[in-house]
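Let's take a walk through a protein chain together. Keep the sequence and the 3D view open as you read.

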Amino acid sequence: MHKPCPCGSDKDFSRCCEPCLKGDIYAATAEQLMRSRYTAYVVGDESYLLSTWHSSTRPQQLHLESEPASQWIGLKVLASTSGEAHDSDGRVEFIARYKINGKAHRLHENSRFVKERGRWFYIDGTLKA
Ligand SMILES: [Zn+2]
C-alpha cells in the first residue's frame, strides 16, 4: 500500500523517512536528516528529534504534546549547501508550512548540520523573514 512520506519527497514513507525514524538507518545526507526531522514533527516523534539534535544545542525536552497542536501541511527544501555523504557539515534552507487553530503559518529556516562519527546532527537554524 502506498503511503506518501510526510516530507513531500514523493517517495513511499517506508522507503523514505520511516527507516530513519525507526533507527534502521542513519540519514546519509543533511537534507535527508532535515526531512526525517520534519516527518518526526509531523508524527510527534520526540525521541527521534532529540536523538538527532547535537548535544551542544539539544533541549532537555520538547513538550510537543503540551504546545498548541501544529498541523504540519508541507515541506519545501529550497537549497542544500554541502551536507552530502562525504561532507562533515552542511546547511539546508527550507520552508515548512503549518496551521495552528486553523491559521496558516510558514517557517522559513536555514538550518545547520554537522556529521560526527558517521551520523548527521541538527545544530540550529536561522529564521528568515
Ligand atoms: Zn521522507
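Helices (H or I, at least four residues) and strands (E, at least two) are DSSP runs, numbered from the N terminus. Residues are numbered from 1 along each chain as its sequence is written. What you're looking at is a predicted model, where local features need pLDDT of at least 70, side-chain atom pairs count only at pLDDT 80 or more, and totals for chains, interfaces and linings use all residues.

How confident is the predictor? pLDDT is its confidence in each residue, from 0 to 100. The protein chain has a mean pLDDT of 94, and 100% of its residues reach 70 or more.

Now for the overall plan. The protein chain has three helices and four strands, and along the sequence they follow the pattern α-α-α-β-β-β-β. The C-alpha trace spans about 40 × 35 × 30 Å along its principal axes. The radius of gyration is taken over C-alpha atoms, and the globule rule is 2.2 Å times the number of residues to the power 0.38. For 129 residues, a compact globule would come out near 14 Å; the protein chain has 14 Å, so the two agree.

Next, the strands. Two strands pair if DSSP finds at least two bridges between them. β1 and β2 pair in the antiparallel sense over 11 bridges, and W72 stands opposite Y98 in β2. β2 also pairs with β3, again antiparallel, over 12 bridges; here I95 has H108 in β3 as its bridge partner.

What about the turns? The hairpin of β1 and β2 has six residues between the strands, and G83 there takes a positive phi near 75°. The hairpin of β2 and β3 has two residues between the strands, with N101 at a positive phi near 50°. Most residues other than glycine have a negative phi, and most peptide bonds are trans. D10 is another residue other than glycine with a positive phi, near 75°. S82, in strand β1, is not a glycine either, yet has a positive phi of about 55°.

Are these residues buried or exposed? A residue is buried if 20 or more other C-beta atoms lie within 10 Å of its own, exposed if 12 or fewer, and partly exposed in between, with C-beta atoms placed from the backbone. N101 has 8 other C-beta atoms within 10 Å, so it is exposed. D10 also has 8 within 10 Å and is therefore exposed. S82 counts as partly exposed because it has 15 C-beta neighbours inside 10 Å.

Finally, head inside. Of the 129 residues of the protein chain, 28% count as buried. A nonpolar core is a set of buried Ala, Val, Leu, Ile, Met, Phe, Trp, Tyr and Cys residues joined through C-beta atoms within 7 Å. The largest one here has 19 residues, and those touching the most other members include L33, F113 and W120. Helix α2 (30-43) gives the most to this core, with five residues. Two residues are in contact if their C-beta atoms, placed from the backbone, lie within 7 Å. Leaving out residues up to four places away in sequence, L33 touches A27, T52, F113, W120 and Y122.

Technical notes: pLDDT is the predictor's confidence in each residue, from 0 to 100.
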